Amino acid sequence: MPTLHQLFATVCVSILFVGCQPNAERSTSEQAGVATEEVDVPVGEESGQPQLHTDGSNLWLSWIEPAGQDEHRLRYASFDGETWSDPGTVASGPEWFVNWADVPSVRSLPDGRKAAHFLVSNGPNIFAYDVRIAQTNAQEEWQEAITPHDDGTQTEHGFVSMLPWQDDLMAVWLDGREMVLDPDDEHDHGTGAMTLRAGLLDSEGDVLESFLLDDHVCECCPTAGVETGGGLLFAYRDRTEDNIRNISLVRFDEEGWTEPYTLHDDGWHLDGCPVNGPALAANGDRVVASWFTAAHGEPRVYAAFSEDAGRTFGDPIIIDEHQPNGQVGTAFLEDGSAVISWHGRHEDEDALLVKRLVDSEATSDPVVVHAPMPAVRTGIPRIARLGDHLYAAWVERGDEDNRSKVRMARVPRQALK
């Protein structure tokens with residue numbers, strides 16, 4: 001499995017400096033004065049790259065684990081708050097592109113189908129890889145994965161967000177077909193413009209339409225997407241010719257795609273990708289966005305609300321200005337308040353933190369979900385809400401063998417003041 005040093009450090013700027021399984025056993029621990037309940041997860045050895053998705057009834061966890069020598073497999077399971085389903089496998093194979101930042105996903109669709117994406121290398125350069133998207137059929141079997149882009153270039157394609165659109169599937173990804181990689185340097189990230197593209201896929205996996213959404217974006221920051229009452233909304237880190245890296249948005253509805261527009265003009269000038277993407281959550285037309293910036297040398301986590309399906313946003317709310325690392329997550333709770341998660345600092349150590357927002361105002365001090373938190377490069381923490389609880393997933397490494405393993409905790413609603 002390539003390391004982050006191999007994949008990103010040379011080109012990107014680091015951030016500042018079984019039937020049903022038995023009931024999930026939970027152990028309660030006190031972390032910085034807040035009780036969090038650890039949830040056992042049905043993952044294998046050396047698991048990593050977690051993603052969380054909720055469909056309202058179940059929480060879906062996906063992850064990657066080894067599948068033999070030089071092979072990996074994408075696994076997933078659903079959780080109803082008490083019991084895990086049997087883990088399933090989307091696909092497995094050699095030559096997968098596996099790293100902490102560009103992470104596969106599995107999600108349920110409204111008609112009962114499931115969709116998944118993973119990444120497969122397509123050339124000698126470590127940044128040359130393709131997106132693969134698979135869907136289940138009426139028999140709940142995974143169909144053969146397809147590639148939603150047809151450029152055939154040995155360049156980067158990844159950081160995918162997928163959302164249902166009517167009976168179809170909309171996928172958005174970063175696409176490096178306009179970039180040029182040095183053929184004599186397998187670690188060269190390339191020169192030229194990274195683009196943001198999309199594809200609309202039917203249930204058979206055929207690409208019905210392809211779209212160029214933005215012709216110059218940040219090279220390796222995750223994207224985010226949500227369904228709103230007004231269509232689909234996607235967020236990503238943009239990039240101007242003089243390397244201003246604000247968060248931008250595009251919307252899709254019956255009229256098609258909008259032009260990109262800026263969420264907030266942070267004015268962050270950076271001559272390299274921070275590998276730090278935005279997060280979105282929606283409750284009808286109400287949307288909350290969160291993001292990291294280090295404009296003017298001041299690292300901050302922000303959030304902002306929209307009441308019109310993401311067309312406009314209110315003023316940014318400062319979530320953390322005490323040297324946070326970013327890697328944000330966002331969710332709405334049952335009562336309509338929002339929760340922002342991020343990798344920050346607590347009492348001189350890294351921690352996974354969450355803060356509740358009510359009526360666009362941040363509540364009191366952040367809640368510590370887990371501390372000490374592994375280094376940012378271990379993986380991006382995820383959050384999702386199921387019922388009246390918040391769930392968080394992250395990657396730990398063993399003290400003795402340094403092997404990775406996905407872990408999960410439940411944050412009781414009463415802890416989110």
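This is a predicted model: local features need pLDDT of at least 70, side-chain atom pairs count only at pLDDT 80 or more; totals for chains, interfaces and linings use all residues.
Reader: Why is L213 called buried?
Author: The cut-off for buried is under 20% relative accessible area. L213 has a relative accessible area of 9%, so L213 is buried.

Reader: Where does L213 lie, and which residues does L213 touch?
Author: L213 is part of strand β13. Leaving aside residues up to four places away in sequence, L213 touches V172, L196, R197, A198, V250, W257 and P260.

Reader: What makes β10 and β13 edge strands?
Author: The open sheet has four strands in the order β10-β11-β12-β13, with antiparallel pairing. β10 (157-165) and β13 (207-217) each pair on one side only. On average, neighbouring strands of this sheet are turned by 15 degrees against each other, direction ignored.

Reader: How do you know that β10 pairs with β11?
Author: Pairing requires at least two bridges. Seven bridges join β10 to β11 (residues 168-175), so the two strands pair, and they run antiparallel. W165 stands opposite D168 in β11.

Reader: What makes β14 and β15 a pair?
Author: Five bridges join β14 (residues 224-228) to β15 (residues 231-237). The requirement is at least two, so they count as a pair, in the antiparallel sense. E227 has L232 in β15 as its bridge partner. The two strands form a hairpin with two residues between them.

Technical notes
Residues are numbered from 1 along each chain as its sequence is written. Side-chain values use heavy atoms; hydrogens and water are left out. Axes are lines fitted to C-alpha atoms, for helices over the stretch in contact, and angles run from 0 to 180 degrees between N-to-C directions. Buried means under 20% relative accessible area, exposed over 50%, partly exposed in between (1.4 Å probe, protein chains only). Contact means heavy atoms within 4.5 Å.
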